[in-house]
Amino acid sequence: MPLDFNTLTISPLSHAVGAEIEGVCLAELSDEQFREIRKASELYGVIFFRDQELSPEQHLAFARRWGKININRFFTPVDGYPEIAEVRKEPEQKMNIGNLWHTDHSYDVIPAFGSVLYAKEVPDIGGDTLFAGVAAAYDSLSDGLKTTLAPLRAAHSSRHIFGSNKSRVSQVEELGARILNPELATQDAIHPIVLTHPLSGRKGLYVNPQFTTHIDGWTADESEPFLSMLYDHIMLQEHVCRFRWSKGAVAVWDNLATWHQAVNDYHGSRRLMHRVTIEGIALSRPQAL
Ligand code: SIN
């Protein structure tokens, strides 16, 4: 537990990732509080706040303190606020958004830094979000595997998830109007499998089951067992924390430091979140396909 926080009370959720922060009102932050919040984000990868009352303008103002807003290409926006994406599941709907472990925007040459997710309506039980710490996952690999991974890069794409290809048909039917603009799903990028975080300097694993398609220079079939081994490793319980939402809770996650998965265990209840995404920081060796 770091000792140099003056304005925040911080409770880590696990050794690997995640911390809850108390004692701040996100709508009225001092510069010192925000500086410490940024520091906490760097240390824990994802941070959580409870009982916040944010208007859409206050939500956006808090997100803008982190960087420029990224307008999501694919999610339905909140009425009147194109910069706020809806993450919604209605009681009669079966699929939710984000049910597969992923890190957002890895298909972009410069992936989004992260998101500020605000809970508007949550089920009494269920609808938690899991986060995995990719730096802790990297640290716990053997030296031999770290050496093998060092020169490798992986390809990421938005096409098979958000595009109008066959694998998406069932998703489109179930997700209905919640996912938009398949014609905009044209992003492909190659990133190092081991990324050095531009702010924390920590090395982390940067591949994910949703958007990574293959290892650069390998076939998809050759890549699959190797990537699955890395995914199984990242998902180990000791790399994961679980956040139980309450109305008014806020999560801020860093896409280069974490994976997340929205648990779909609340059929029959509504869950509505507002998500604002923040533009990314150039990675060391970004490359388009
Ligand atoms: C997402 O993947 O952005 C959604 C996360 C959540 O709803 O918990």
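Biologist: How do the residues of the shell around the ligand divide into nonpolar, polar and charged?

Modeller: This is a predicted model. The residues around the ligand include Val87, Leu117, Thr129, Arg271 and Arg275. Sorted by type, the shell divides into four nonpolar, four polar and two charged residues.

Biologist: Which elements give two or more residues to the shell around the ligand, and how much of the ligand does the protein bury?

Modeller: An oxygen atom of the ligand is 2.8 Å from an N or O atom in the side chain of Arg271. For the side chains of His102 and His260, the distance from an N or O atom to a ligand oxygen is 3.1 Å in each case. Taken alone, the ligand exposes 260 Å², and the protein buries 100% of that. The elements that give two or more residues to the shell are β16 (258–262) and β17 (271–278).

Biologist: Which residues are the closest to the centre of the second largest pocket?

Modeller: The volume of the second largest pocket is about 300 Å³. Its lining is made up of 23 residues, and the closest to the centre are Glu42, Leu43, Tyr44, Gly45 and Arg202.

Biologist: Which element supplies the largest share of the lining of the second largest pocket?

Modeller: By type, the lining has twelve nonpolar, six polar and five charged residues. At least two residues each come from α1 (31–44), α3 (134–139) and β12 (203–205). The largest share is four residues, and the element that supplies them is α1.

Technical notes
Residues numbered from 1 in each chain as written. Predicted model: local features only at pLDDT ≥ 70, side-chain atom pairs only at ≥ 80, totals over all residues. Heavy atoms only, no water. 1 Å grid on protein atoms, 1.4 Å probe; cavity = no way out; pocket = protein on both sides within 12 Å on 5 of 7 lines; lining within 4 Å. Points joined across faces, edges and corners; volume = space filled by probe spheres on them. Nonpolar A, V, L, I, M, F, W, Y, C, P; charged D, E, K, R; others polar. Near = heavy atom within 4 Å. Polar contact = N/O pair within 3.5 Å; in protein donor to acceptor, adjacent residues only side chain to side chain. Areas by Shrake-Rupley, 256 points an atom, 1.4 Å probe, with all protein chains shown as cover.
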